[in-house]
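Please keep the sequence and the model in view while reading.

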Amino acid sequence: MIVVAGEALIDLVPGSAQADGALPALLPQRGGGPYNTAMALGRLGSPAAFCSRVSTDAFGEALLAELRAAGVDAAPVQRGPEPTTLAVASIDADGSAGYGFYVEGTADRLFELPAALPEGTRALSLGTCSLVLEPGASAYEALLKREAERGVFTALDPNIRAGLIPNAAAYRARFRSWLPHVTLLKLSVEDAEWLADGSDVDAALTDWLAAGPAAAVLTRGGDGLSVRTRAGDEYAVPGERVDVVDTIGAGDTVNAALLHRLAEHGALSPAEIASLDAEQWRDILGFAARAAAVTCSRAGAQPPYASELV
């Protein structure tokens, strides 16, 4: 069982073009980095569960219905009457997405540390807004540290949303404090540059690996993915060429694809990651690149089903 913990929200994405001067049409779609990761795991066929706090409003009900339809266990989800977080997406000409957030008083900010994760949990994935917005952020952090101490494989995708981070220096220090408890670190190049804060990204990556993770995967958009292990081995694969509709959910799909393929290689532990060879890593990275390309080829966070990646 792979448990994904973090926010579930509604993305308001641009719809059809409007007449000059009219407000753009915004269409609601399910979203949130951890939520998208859980959805992708379910579609790929991995046993997965989602751990969060979700509103009892209509949006919250729709979010949970989609999870269950994908085969994701929603039993660990906490519920509350607070509204669902909203993210307003803007799509650039190249398909890349930017976001503005409405997060005050929303359900996922009030997440509390659960007494336990589902029996048989082998891996825990966290990231994005859930590790920024208090008081929930401290609960997710406590979950990360507790499960790491229990020997659970942990994956972290910071997925930086700078507009939600009031104190960048404090967040960077907090990020550094998580690393001893992280097995797999996944970053976009943009996230790595922001976290490095003007320092050389290559040197920063080496430093972050020395702090704890067994491996770090760096995503480079259309240029593909690379991994560096704590031992210093590096492997890369090119991106899959596709007509990009938008990039919403692409990084989240990569998270899920990495975990799914690592599980298939029997590599959900630091020691097992260290034993992976070049061929195995290229298979894992290539699978993630193919999965992300499918997501980019259609509107919104629509990760692929296993049958689409055969």
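L225 belongs to strand 13, which covers residues 225-229; strands (E, at least two residues) and helices (H or I, at least four residues) are DSSP runs numbered from the N terminus. The model is a predicted one, in which local features need pLDDT of at least 70 and side-chain atom pairs count only at pLDDT 80 or more, while totals for chains, interfaces and linings use all residues. Residues are numbered from 1 along each chain as its sequence is written, and side-chain values use heavy atoms, with hydrogens and water left out.

With a relative accessible area of 5%, L225 is buried; the term buried stands for under 20% relative accessible area, exposed for over 50%, and partly exposed for values in between (1.4 Å probe, protein chains only). Beyond its neighbours within four places in sequence, L225 is in contact with residues including V217, Y235, V254 and L285, where contact means heavy atoms within 4.5 Å.

Helix 1 comprises 12 residues, 33-44, and reaches 16 Å from its first C-alpha to its last, close to the 16 Å expected at 1.5 Å a residue; the expected span is 1.5 Å times one less than the number of residues. Of its 12 residues, 12 are buried, among them Y35, M39 and R43. G45 follows helix 1 and has a positive phi, near 100 degrees.

Side chains of opposite charge can pair when their charged atoms come close. The whole structure holds 17 salt bridges, each defined as a side-chain nitrogen of Lys or Arg within 4 Å of a carboxyl oxygen of Asp or Glu. In one of them R174 pairs with E141, with the closest N and O atoms 2.7 Å apart. R174 lies in helix 4 (residues 168-178) and E141 in helix 3 (residues 136-149), so this pair ties together parts that are 33 residues apart in sequence. R174 is partly exposed at 21%, whereas E141 is buried at 14%.

For C51, the nearest cysteine sulfur is that of C129, 16 Å away. C51 is buried, with a relative accessible area of 1%, and C129 is buried at 6%.

Technical notes
A disulfide is a pair of cysteine sulfur atoms within 2.5 Å.
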